[in-house]
Amino acid sequence: MEPSLRLMYGWWYQGTQHQCPVCEKGNRRWTALKASGDLLCPHCGSLSRDRRLWQLLQEAPLADGASVLDFSPSRSLFRKLSSWKAIRYEASDLSGNFLAHHQFDITQIPVEDNSYDVILCYHILEHIENDLQAMQELCRVLRPGGLIFIQTPFAESCYENPAITSEAERLVHFGQEDHVRIYSIDELRKRLESCDFEVQVNRFLSSDKTLYYGLSHSETVLIATKKR
């Protein structure tokens, strides 16, 4: 029912002051989320990170027939990428809380080597206890020269403690009940490089189009390339 409800909800927000890159609809203002302050598109429900990722995918660009694997996608991007006829899109979510085609364990992905051209791994690795095994699996199933778009919450230094196991403790230490660490940008880069990736760190700051497209004023995205 969500698309129908958003059609009605979005009607009240129609305008030309802003535009969502994902659904391409104009609105007079974004819906601000009280908990995080993030900006939600009233028409498709995309968050700022979804809109940035969609822009990056458009800039890539993906070749016709490219195979894409997406872990726990947002509903807005799942629908957008599912309708992209030029690519072969698959989504996976182990928890069952997201729209997906598969329930892959990211540390044991049941597909052949070199299966995907692009992998989207947004806000996933901070949930994975054995993150190096997950990175090795991502490298295995990615084709040589393929790309992985990666984002997690970041701090100045990496912090993890395997003794912290309860949801209450994880909320205090890592910022969310199901997180097991907080990465620094440099530590995540080093771990990816140890798994045979070349890593490009992309830092995005405010521009004259930041508010127009509802993007974050400060955001980092890592793009990892599998070495040939």
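Predicted model: local features only at pLDDT ≥ 70, side-chain atom pairs only at ≥ 80, totals over all residues.
Reader: Let's start with the rings. What makes Phe78 and Tyr89 an edge-to-face pair?

Author: Two numbers settle that one. The ring centres are 5.9 Å apart and the planes stand at 65°. Centres within 6.5 Å make a pair, and planes over 60 degrees apart make it edge-to-face, so Phe78 and Tyr89 qualify on both counts. By this rule there are four aromatic pairs in the count.

Reader: Why do you say the pair of Phe78 and Tyr89 ties together parts that are 11 residues apart in sequence?

Author: Because Phe78 belongs to helix α3 (residues 75-82), while Tyr89 belongs to strand β6 (residues 88-92). Both residues, Phe78 and Tyr89, are buried.

Reader: And why is the pair of Tyr159 and Phe174 called tilted?

Author: The centres are 5.4 Å apart, with 45° between the planes. Under 30 degrees would be stacked and over 60 edge-to-face, so what falls between is tilted. Tyr159 sits in strand β10 (residues 159-160) and Phe174 in helix α5 (residues 167-174), so this pair links parts that are 15 residues apart in sequence.

Reader: How do you know whether Tyr159 and Phe174 are buried or exposed?

Author: Look at relative accessibility. Phe174 has 4%, and buried means under 20%, so Phe174 is buried. Tyr159 has 30%, which falls between the 20% and 50% cut-offs, so Tyr159 is partly exposed.

Reader: What makes you say that Arg51 lies over the face of Trp30?

Author: CZ of Arg has to be within 6 Å of the ring centre and within 35 degrees of the ring normal. Arg51 is 4.3 Å from the ring centre of Trp30 and lies over its face. Another case is Lys209, which lies over the face of Tyr212 at 4.6 Å from the ring centre.

Reader: Why is β13 called largely enclosed?

Author: Seven of its nine residues are buried, so the rest of the structure largely encloses β13.

Reader: What about Ser67: why does it count as buried?

Author: Its relative accessibility is 1%, and the cut-off for buried is under 20%, so Ser67 counts as buried. Ser67 lies in strand β5. Leaving aside neighbours within four places in sequence, Ser67 is in contact with Arg88, Ser115, Tyr116, Asp117, Val118 and Arg143.

Reader: Which residues touch the most other members of the largest nonpolar core?

Author: Phe71, Ile106, Ile119, Leu138, Ile148, Ile150 and Phe197, out of 28 residues. The elements giving two or more residues to this core include β5, β7, β8 and β13, and α4 gives the largest share, five residues. Not counting residues up to four places away in sequence, Leu138 touches Phe71, Ile106, Ile109, Ile119, Cys121, Ile148 and Phe197. There is also a second, separate core of 26 residues, with Cys41, Trp54, Phe78 and Leu120 among them.

Reader: Last one: what makes the phi of Glu24 and of Asn114 worth a mention?

Author: Most residues other than glycine have a negative phi. Glu24 has a positive one, about 65°, and phi of Asn114 is positive too, near 55°. Glu24 lies in the loop between β1 and β2, and at 53% relative accessibility it counts as exposed. Asn114 is in the loop between β6 and β7, and at 34% it counts as partly exposed.

Note on methods. Residues numbered from 1 in each chain as written. Heavy atoms only, no water. Phe/Tyr/Trp six-rings, centres within 6.5 Å; stacked < 30°, edge-to-face > 60°. Helix = DSSP H or I, 4+ residues; strand = E, 2+ residues; numbered from the N terminus. Buried < 20%, exposed > 50% of the residue type's maximum accessible area, 1.4 Å probe, protein only. Core = buried A, V, L, I, M, F, W, Y, C linked by side-chain atoms within 4.5 Å. Contact = heavy atoms within 4.5 Å.
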